[in-house]
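Dear colleague,

Below is the structure I promised to hand over, and after it my notes on what was found. Please read them with the model open beside you.

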Amino acid sequence: MASKAKTDVSGKGVLPATVLVGFAEALAAPEVVWSLVDAGFHVVAFTRKGKRSALGHSHHAVCHEVTPPEVDLQAAISDMHSLMASLNATEGGTPHVLFPLDDTAVALCALVQPGLPWHLAGPHGSSAELALNKCVQTQAARDAGFKVPNTAIARTADDLYNFVATESFPIILKPAECVPIRQGRVVGCRKWICANRGELEHAITEWAERIPLLVQPFIVGTGEGLFGLATPDGIKAWSAHRRLRMMNPQGSGSSACVSQAVSAELTSKVEELLTKAKWRGLFMIELLHDNAGNTWFMELNGRPWGSMALSRRQGFEYPAWHVKLAIEQNSPLDMAVSPTPGMVCRHVGREFMHLLFVLRGPKSMALTSWPSFWKTLANVLRVRREDAVYNWRPEDLKVFLADCYYTVHGNLFKSRN
């Protein structure tokens with residue numbers, strides 16, 4: 001386990017602080033922990049009971065199990081309260097920070113509502129609603145001047161049929177809530193891309209009207225991300241990336257991405273959106289750049305993103321800055337970092353899965369530009385000396401190996417269901 005902090009993240013003064021992060025299974029968890037450890041923080045993690053994670057193999061954080069919110073949300077909240085009380089008893093007299101790493105953790109931590117000596121380094125109140133409700137996000141983005149696809153909310157199959165009657169195919173269906181909660185637990189729901197009525201009817205059967213869906217035209221394009229840190233003095237530490245490959249070309253997180261220049265036109269819109277929302281801390285705006293040159297708003301993430309490795313390789317220590325800001329909003333932060341356009345970062349396990357997804361082929365006729373396997377293989381194998389990889393730290397090598405294994409094993413196992 002890492003030792004307690006001796007200095008704060010700006011290198012000035014004494015600030016012993018404990019940071020409780022989770023869920024440990026989050027893709028960005030190792031990079032977040034390393035950022036915090038390198039800044040001098042003492043890190044503890046919470047993980048779903050019975051769930052293995054790459055972070056569980058790290059030398060820098062001990063993982064404590066809590067009831068999965070997907071099983072019993074109230075029990076998960078109770079377990080969190082017990083864990084935090086235990087840390088209060090063993091680490092009393094120092095600042096404590098609760099730092100959610102994925103959407104489910106954002107929802108859980110907002111419900112836990114920690115009191116002093118705890119600080120919540122994550123969205124709460126109206127900010128949590130913005131982070132977790134795609135309907136609220138799309139309206140806020142439209143008000144801020146972003147291009148937003150025509151959007152509807154579907155609660156019944158008739159709502160979907162009415163949408164395609166006016167918009168036509170192809171369409172994409174995804175949960176309107178990032179963390180749907182039903183009957184005292186968090187429930188999951190996949191996304192669907194539908195190219196015709198037959199595919200839509202199949203999606204409707206699987207969906208079974210369980211939760212509201214966000215419905216939009218399916219737009220072909222390249223995913224982009226815009227990142228920063230919202231402080232009392234405005235948004236700082238801007239950076240951006242573009243997806244080179246998604247793990248699943250049908251739609252998923254990236255397996256490889258490249259840093260790129262930050263667009264001034266887009267930053268002004270982000271500033272308007274987040275200023276109106278009184279947002280604090282790190283954020284990611286997910287965008288889609290289509291073949292006609294339009295940039296569309298997709299979603300806002302209010303927690304660490306999957307490509308945190310790429311940000312950190314450029315010197316953007318968003319997790320450490322975020323925690324310091326949560327402890328003391330007006331504290332000076334050393335964020336004198338400039339983006340490095342053209343830096344590539346890859347997730348080895350996801351790159352392998354990308355090849356398998358390409359080989360399997362598309363699941364919807366809407367995907368008319370499916371990648372060539374042999375061209376994809378050549379691209380994946382074309383590795384430059386300066387390329388970086390996700391979750392790589394030589395003295396914590398087991399994390400990288402476990403991450404690769406769990407990524408491949410988890411996806412292959414899931415594909416059998």
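In helix α3, the residues Asp103, Thr104, Ala105, Val106, Ala107, Leu108, Cys109 and Val112 are buried, where buried means under 20% relative accessible area, exposed means over 50% and partly exposed lies in between, with a 1.4 Å probe and protein chains only. Because eight of the 10 residues of α3 (residues 103-112) are buried, this helix is largely enclosed by the rest of the structure. Just after α3, Gln113 takes a positive phi of about 50°. Helices (H or I, at least four residues) and strands (E, at least two) are DSSP runs, numbered from the N terminus.

Please keep in mind that this is a predicted model, in which local features need pLDDT of at least 70 and side-chain atom pairs count only at pLDDT 80 or more, while totals for chains, interfaces and linings use all residues. Residues are numbered from 1 along each chain as its sequence is written, and side-chain values use heavy atoms, with hydrogens and water left out.

Turning to the sheets, four strands form an open sheet in the order β6-β11-β7-β10, with antiparallel pairing; two strands pair if DSSP finds at least two bridges between them. Since β6 (152-154) and β10 (192-194) stand at the edges with a single partner strand each, one side of each is left without a neighbour in the sheet. From one strand to the next the twist averages 30°, where axes are lines fitted to C-alpha atoms, for helices over the stretch in contact, and angles run from 0 to 180 degrees between N-to-C directions. Strand β7 (residues 171-175) pairs with β10 in the antiparallel sense over three bridges, and Ile172 stands opposite Ile193 in β10.

Two helices are to be noted with this sheet. Helix α5 (residues 134-143) lies across β6, β7 and β11 (213-217) and runs at about 40° to β11, whereas helix α6 (residues 157-167) packs on the sheet, touching β6, β7 and β11, with a direction that makes about 15° with that of β11; contact means heavy atoms within 4.5 Å.

Elsewhere, strand β12 (residues 221-231) and strand β13 (residues 234-246) pair in the antiparallel sense over seven bridges, and a hairpin joins β12 to β13 through two residues. Leu226 stands opposite Ala240 in β13. The pairing of β13 with strand β14 (residues 254-260) is also antiparallel, over six bridges, and there His241 stands opposite Ser259 in β14.

As for aromatic rings, a search of the whole structure finds 11 aromatic pairs, a pair being rings of Phe, Tyr and Trp (its six-membered ring) with centres within 6.5 Å, and planes under 30 degrees apart counting as stacked, over 60 as edge-to-face and the rest as tilted. The rings of Phe23 and Phe46 have their centres 5.0 Å apart and their planes at 75°, so this pair is edge-to-face. The pair links distant parts of the chain, with Phe23 in the loop between β1 (18-22) and α1 (29-38) and Phe46 in strand β2 (residues 42-48), 23 residues apart. Phe23 is buried at a relative accessible area of 0%, and Phe46, at 0% relative accessibility, counts as buried.

With regards
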